[in-house]
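Keep the picture open as you read.

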Amino acid sequence: GKSGQWQRAVMFLTTTTQASMAAKAISYNATINACSKGAHWHNALALIATMAWVVLEPDTISYNSATSACEKGAVWHRGLALITTIGQTVVEPDTISYSSAISACEKSIEWQRALILLAVMDLAALEPNALSYSSAISACEKGAEWQRALALL
């Protein structure tokens, strides 16, 4: 199944030491994405850290895949930390970045943080998508904040 593909992706990545930088970045992103699909957030975060070590700058795809892995692993605080990390680099978080973090907050019933992330998206002139809103609404519902959920409709 898909959850076992991350191991093959990591194995492939370790064998591509002679690849060009562009190919290496694509390989890292594909591997981080495979980790995300298998909810292996710790491996995704380790790969982000390793990219800097091998002189590769993580891009939006790298961070989005790692944030998604954190969301699937229900470690919302790690996903939020990635959003903060993105803001300290030349890479700008996008709608997918925020949506993944909001979804992680929803799974952890962190409705306040989900609403804060929606507000930050507005300040950053990013348009929330259906996942952003549905995750924030669900987080409010799980936190018994139905008035706030209704306000988002």
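## Helix 4 beside helix 6

Helix 4 and helix 6 run roughly parallel to each other, because the angle between them is under 35 degrees. That angle is about 10 degrees, and the two axes sit 8 Å apart. Bear in mind that this is a predicted model.

Which residues do the touching? On the helix 4 side they are Thr60, Asn64, Thr67, Ser68 and Glu71, and on the helix 6 side Ile96, Ser97, Ser100, Ala101, Ser103, Ala104 and Lys107. Sorted by class, this contact of helix 4 with helix 6 has seven polar, three nonpolar and two charged residues.

## A look at Asn64

Asn64 is part of helix 4. Is Asn64 buried or exposed? Asn64 is buried, because its relative accessible area of 9% falls under the 20% cut-off. Setting aside the neighbours within four places in sequence, Asn64 is in contact with Asp94, Ile96, Ser97 and Ser100.

## Helix 4 beside helix 3

Helix 4 also packs with helix 3, this time at an angle of about 155 degrees, with the axes 8 Å apart. An angle over 145 degrees counts as roughly antiparallel, so that is how helix 3 lies relative to helix 4. Their crossing is left-handed.

From helix 3, Trp41, Ala44, Leu45, Ile48 and Met51 take part, meeting Ser62, Tyr63, Ala66, Ala69 and Cys70 of helix 4. What is the make-up of this contact by class? The contact of helix 3 with helix 4 has nine nonpolar residues, one polar residue and no charged ones.

## Arg78 and its partners

Next, have a look at Arg78, which lies in helix 5. Arg78 counts as partly exposed, because its relative accessibility of 37% lies between the 20% and 50% cut-offs. Not counting residues up to four places away in sequence, Arg78 touches Trp41, Leu45 and Cys70.

How far apart are the C-alpha atoms of Arg78 and Trp41? They are separated by 8.7 Å, while along the chain the two residues are 37 residues apart.

## The nonpolar cores

The largest nonpolar core has 21 residues, and the members that touch the most others are Ile32, Ala44, Tyr63, Ala66 and Leu82. The elements giving two or more residues to this core are helix 1 (5-15), helix 2 (21-37), helix 3 (41-53), helix 4 (60-72) and helix 5 (76-87). Apart from this core lies another one, with 17 residues, including Ile83, Ala139, Cys140 and Ala149.

Now back to Tyr63. Which residues is Tyr63 in contact with, leaving aside its neighbours within four places in sequence? They are Ile48, Pro58, Leu82, Thr85, Ile86, Thr89 and Val91.

## Helix 6 beside helix 8

One more pair to go. Helix 6 (residues 95-107) and helix 8 (residues 130-142) cross at roughly 20 degrees, and their axes come within 8 Å. That angle is under 35 degrees, so helix 6 is roughly parallel to helix 8. Helix 6 passes helix 8 in a left-handed crossing.

Here Thr95, Ser99, Ile102, Ser103, Glu106 and Lys107 of helix 6 meet Leu131, Ser132, Ser135, Ala136, Ser138, Ala139 and Lys142 of helix 8. By class, the contact of helix 6 with helix 8 has six polar, four nonpolar and three charged residues.

Methods:
Residues numbered from 1 in each chain as written. Predicted model: local features only at pLDDT ≥ 70, side-chain atom pairs only at ≥ 80, totals over all residues. Heavy atoms only, no water. Core = buried A, V, L, I, M, F, W, Y, C linked by side-chain atoms within 4.5 Å. Buried < 20%, exposed > 50% of the residue type's maximum accessible area, 1.4 Å probe, protein only. Helix = DSSP H or I, 4+ residues; strand = E, 2+ residues; numbered from the N terminus. Contact = heavy atoms within 4.5 Å. Axes fitted to C-alpha atoms, helices over the stretch in contact; angles between N-to-C directions. Parallel < 35°, antiparallel > 145°, perpendicular 65-115°, else oblique. Left-handed = near helix turned anticlockwise from the far one by under 90°. Nonpolar A, V, L, I, M, F, W, Y, C, P; charged D, E, K, R; others polar.
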